[in-house]
Amino acid sequence: MGFSGFDIALLVLVALVVLVLFKGIRTIPQGYNYTVERFGRYTKTLSPGLNLIMPFVDRIGAKMNMMEQVLDVPTQEIITRDNATVAVDGVAFYQVLNAAQAAYQVAGLQNAILNLTMTNIRTVMGSMDLDELLSNRDAINERLLRVVDEAAHPWGIKITRVEIKDINPPANLVESMGRQMMAERNKRAQILAAEGLKQSQILEAEGRKEAAFRDAEARERSAEAEARATQVVSEAISKGDVQALNYFVALKYTEALTRIGSATNSKLVLMPIEASSLIGALGGIGEIAREVFKGEGTAGPARQARPPVVRPSET
């Protein structure tokens, strides 16, 4: 059975239609964008899904991954501002936002991002002292992110994160830093101990000052009371009241005996004093008290208590 000319033409037409469809239909997977070039010139970007292009005229240029990607930054040695050498490595995260710019504005996108990140790490960390470098990692990451993202913006990408993974000073430098930290901690401990001692001495001095002030105030009040008592006795004597004088002398005499008997510097005290004199003095005190506090009229002249006469003891 032979084919006629019409059948052959129909088969050729079907094959041509299939070929055109095959060349003109493009399916883009999720997370990718394809650029379209017409005679070598960029025309448009294909988004995920089913897309149509001009067969035999348009072709797929670059296939750009639009998902966020991670790029390892290899270890490199950096000299800090205070001439300390440290080994630093990191990681960078980026995402393509404009497929056409990422495809046609830079050659070797990942290599460009890697070199840009490494250069800025040396620039940023080299302008800092070692202590600042070790204690301000968050500030370093933020500064690196801002600088690298600004530099990579014309490429149609977004630097989402730049992280410093490890900062490794030399072993001898780490040992020196440990000794320095220990010395600093000892210094702070000594300062705190000195401050505590200072505060304790200040509080103790203030306590002594307050106690001395109160003792002086007590002595002042005692002196005032003594002066007042002496004044009262003097006024009574000036009015002719001899009993007040007897009471005052007897009271002082009794207080003197009490102090002599309670002294701690002697175990045995010889008291060459007549008992009758002390009894007479006590009797005079009692008589004065009755006359003053009980108000017993003018009964006869009370017996005046005279100070006891101290006689030398017989050997």
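The structure is a predicted model, in which local features need pLDDT of at least 70, side-chain atom pairs count only at pLDDT 80 or more, and totals for chains, interfaces and linings use all residues. Residues are numbered from 1 along each chain as its sequence is written, and side-chain values use heavy atoms, with hydrogens and water left out.

Start with the whole protein. Its secondary structure comes to eight helices and eight strands. These elements are DSSP runs, numbered from the N terminus: helices are H or I with at least four residues, strands are E with at least two. The protein has 315 residues, and 26% of them count as buried. Buried means under 20% relative accessible area, exposed means over 50%, and partly exposed lies in between (1.4 Å probe, protein chains only). Now take the contacts, meaning heavy atoms within 4.5 Å. Among those between residues at least 6 apart in sequence, 64% join residues at least 24 apart.

Turn to helix α5, residues 137-152. It has 16 residues and reaches 22 Å from its first C-alpha to its last, close to the 22 Å expected at 1.5 Å a residue. The expected span is 1.5 Å times one less than the number of residues. Which residues of α5 are buried? They are I140, N141, L144, V148, D149 and A152. These residues lie on the same side of α5, because they cover an arc of only 145° around the axis. That arc is taken from the directions from the helix axis to the C-beta atoms. On the other side of α5, E142 and E150 are exposed. The cover over the buried residues of α5 includes α3 (109-126), α4 (130-135) and β8 (157-168).

Look next at α3 against α5. Two packed helices are described by the angle between their axes and the distance between the axes. Here the angle is about 135°, and the axes are 10 Å apart. Axes are lines fitted to C-alpha atoms, for helices over the stretch in contact, and angles run from 0 to 180 degrees between N-to-C directions. α3 and α5 are therefore oblique to each other. Angles under 35 degrees count as roughly parallel, over 145 as roughly antiparallel, 65 to 115 as roughly perpendicular, and the rest as oblique. α3 passes α5 in a right-handed crossing; in such a crossing the near helix is turned clockwise from the far one by less than a right angle. From α3, L116, T117, N120, I121, V124 and M125 take part. They meet I140, R143, L144, V147, V148, A151 and A152 in α5.

Leaving aside its neighbours within four places in sequence, T117 is in contact with V73, A92, V148 and V162.

Now leave the helices. N98 is found in the loop between β7 (85-96) and α2 (99-104). With a relative accessible area of 31%, N98 is partly exposed. Beyond neighbours within four places in sequence, N98 is in contact with M66, W155 and G156. N98 and K158 are 60 residues apart along the chain, and their C-alpha atoms are separated by 9.4 Å.

Two loop residues remain. F56 has a phi near 65°, a positive value in a residue other than glycine. Where is F56 placed? It is in the loop between β4 (49-52) and β5 (58-65). At 55% relative accessibility, F56 counts as exposed. N83 has a positive phi of about 65°, although it is not a glycine. Its place is in the loop between β6 (69-79) and β7. N83 is exposed, with a relative accessible area of 66%.
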